[in-house]
Amino acid sequence: MTEPYAVPVPRGYRVGVWEVRDPIATGAFGSVYEGRRTGGDLAGTGEELPRTAALKFLPTGTGTPRQLTHLRELIDREVELHRRLKQPRLIRMYDTLTVDDPSRPALDGATVLVLEKAERSLSALLSAAPRLAAGPVLLAQVCEGLAQLHRAGWVHGDLKPANVLLMKDGSARLADFNMAAELEGTHAYTPAFSTPDYTPPELLWSEIGTRGRQIRPSADVWAFGVLAHLVLTDSFPLPGGTPTARRDAAAAYARGTDELRLSPQLPDIWRGIVRDCLSRTHADRVGTDALLRRVTEAAGTDRPPRLPRRRRRSAVIASATAATVAVAALGYGISTWADTGGGTPEVRSSTPTAKVAPATYGSAELRTDQGVPAAYRPMIVDAAHGCDQADVTPALIAAMLKAESNFDPKLSDPGKDEYGIARWTPRLLRWWIRADGQPVRSMPKPPLSVPDSIAGLGHYLCYIEPNLTPDLPGDKRVLIAAAYRTSYKRVNAAHGIPPEYRDYCKRLTQYLKEYTPPGSW
Amino acid sequence: MYSIIVVPPPTTEDQSTRTQLKLAPGERLTFGRSADCDVEIPHKGVSRRAGEITAQGAFWILSNLSGEQTYVVENPEGAGEHMKVGPGRLDAPVPFEFSRIVLPAAGDLLAVEVWAPRHDYLRSEGGLDGATTAPAFSVDRTKRYFAVLAALCEPRLRGAPHAPLPTVDQVVDRLRPNWPAASRTSVQWNIDYLAVKLRLKPGPDEADTGPRLNGKKESLVSLALRFDLVREDDLVVLAASPSGRAVR
């Protein structure tokens, strides 16, 4: 907190019923002071006012050094969000005031937001005590705040530790809605500001129209992944000593030239969550509802942390669609999460990333001259990359597709109930299409789609790998493939490849050799 | 997600619209006489594998693969600022936002242009801390493109919010006192570069109108004013300075 205050306000200064006390924080656009109420306890709206509040001063006056047109817009966003949304995990706004004091040109005309006062910010807490024990619980509360925003149709746009506030009781709330935007369809438009370390790669150097830049809720999900990694391991998920280096690492990762290497200190249950937040493309990122379920589970409570019960139903919630049944449940303190209902959007993975030409996609791990159909390469490579088991490689998936069907998506074998490019049995495939382990709603029907078959294969192989007994004789990759043909239990029981699958495995070994580039294995 | 743009020397066919090759951080591009190179420069005086350009974050590095020629990398806006990259020098970092690699080739000088539009510049209100909310673009207020942008924004900044935008010719006239070499082409070039630098999204109405640029100027100005890229006090860059060096 060595930077100068954006808006200096003397101690004891009076604005409305508030007296300015100590400074709390300053940001790029405004400064926050503690305020003590000196007058009546009712706001203009008849709402009860607390004894102390946080006063956020934003320099909007005509006498301020620069007239900032964008500042006006940022404030309007924040005020608008507070007016429309009151949710337990979002910081409250009580009032807005305008300073009328011609004798102080630097303050005259400033906008003051009267906000709920917090104890400190998460960033202050982290710098005092990194890797706090309460980390998982705080993350669950942050995630709840995001879910409340997203379900109401808003995107935060600037999630980071400084914008997570901790209340006196230790609970977390989201704050600072300068960048927040209401969704219009699948997108919202936000001002072109961002915090580099929390910006998803697709927004790093994105196109900007005259309305600002397009942003999706998945941008908040990325930021949450970064935040979770930081809270749990005290390090950023992408390597580099400076924000610029980390930005370049994010760009390289998103282009597929680099892998995501999460900290080994990250507990396993969080590893999967962070990985699904930090997927290369926005389309692959886990949805907020699924994320909240997993985060809540990982935080060690099988229901969301307790919330103050609020009987008031806000207009925004009332107008929301059936997809927000869960939010009502949350707001009313009901905790039935087992049945996810019909409204949860499905999270499917492995939409091929189209940026790189498919014919050379992932050429470092999968040879380009051995007849793997170019159209399937991105799906194969992405499916393997979606799994952090080293043995689940693009070459293994390609070799299995070759051995199962010779890359024939129309394969149909009703006798064995196996279909498609990976010879899936539909009732099994149903459980493996989604990255989060939930079955898809309707039973897949032959002909099975290629993206679903390959994504499902990736997820299933990733599940098999840790279930195989360590130190079985033979190539681990071939053992995984054999377990896909039969089951990992069979392979473990046979202490290797069961005899009846030896021919299959021989062919597979041959293809593996053909598809693996020299030196990469 | 590219950060570097390479514009090869013009060939006879595409004099009007020169190719632009975009490189993302970590991507590399080779140039030389051989057809294996990413950029083929069919000139007898150029080595078969003459050199390599690698995008490295917001800047780029140059390797001189030739046997005996020294390449000069000039900053065309830098009043003679340049660097030399001798034969065999690998991965020399180039600091300029605009660069021209000059290849000496049997009496001719061939120029490969390289732009680095993602260079960052400090904004008065932001620090270097990655945790600070920062605007998505940064401009160098000493560059010509900034003077062009200021000239375009001037009428609206002077208090006429719906004033018509100056034409390219008017911009040329406005800038000539400080930039005697200003021409229609160079101003137009700067407008095109600004659209690249500010990552302007092409509007739906300019999708197939070809070289018409009214929409582009309009979008540039509204973006610049909306995000305060040019403010009233920035208009000093347009004022004629006695030494004539205020704007380079």
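In the predicted model, strand E7(A) and strand E9 (residues 164–166) of chain A are paired in the antiparallel sense through two bridges, and within this pairing Ser121(A) has Leu165(A) of E9(A) as its bridge partner. Helix H3 (residues 135–151) of chain A packs on the sheet to which these strands belong, where it touches E9 and E10 of chain A, and its direction makes about 30 degrees with that of E10(A). The sheet itself is open and consists of three strands in the order E7-E9-E10 (chain A), with antiparallel pairing.

In chain B, the axes of helix H2 (residues 168–175) and helix H3 (residues 184–197) come within 9 Å and cross at roughly 105 degrees, which makes H2(B) roughly perpendicular to H3(B). On the H2(B) side, the contact is formed by Val168(B), Asp169(B), Val171(B), Val172(B) and Leu175(B), which meet Arg184(B), Val187(B), Gln188(B) and Ile191(B) of H3(B). Of the residues in this contact between H2(B) and H3(B), six are nonpolar, one is polar and two are charged.

Several backbone features were also identified in loops. The peptide bond from Pro446(A) to Pro447(A) is cis, its omega being near -5 degrees, and Pro447(A) lies in the loop between helix H13 (426–429) and helix H14 (450–467) of chain A. Asp234(A), a residue other than glycine, has a positive phi near 60 degrees; this residue is located in the loop between helix H5 (217–233) and helix H6 (243–255) of chain A and is partly exposed, with a relative accessible area of 43%. Arg199(B), which is likewise not a glycine, has a positive phi of about 55 degrees and is found in the loop between H3 and helix H4 (214–226) of chain B, where Arg199(B) is buried, with a relative accessible area of 5%.

Key. Residues numbered from 1 in each chain as written. Chains lettered and ligands numbered in written order. Predicted model: local features only at pLDDT ≥ 70, side-chain atom pairs only at ≥ 80, totals over all residues. Heavy atoms only, no water. Pairing = 2+ DSSP bridges. Helix = DSSP H or I, 4+ residues; strand = E, 2+ residues; numbered from the N terminus. Contact = heavy atoms within 4.5 Å. Axes fitted to C-alpha atoms, helices over the stretch in contact; angles between N-to-C directions. Parallel < 35°, antiparallel > 145°, perpendicular 65-115°, else oblique. Nonpolar A, V, L, I, M, F, W, Y, C, P; charged D, E, K, R; others polar. Buried < 20%, exposed > 50% of the residue type's maximum accessible area, 1.4 Å probe, protein only.
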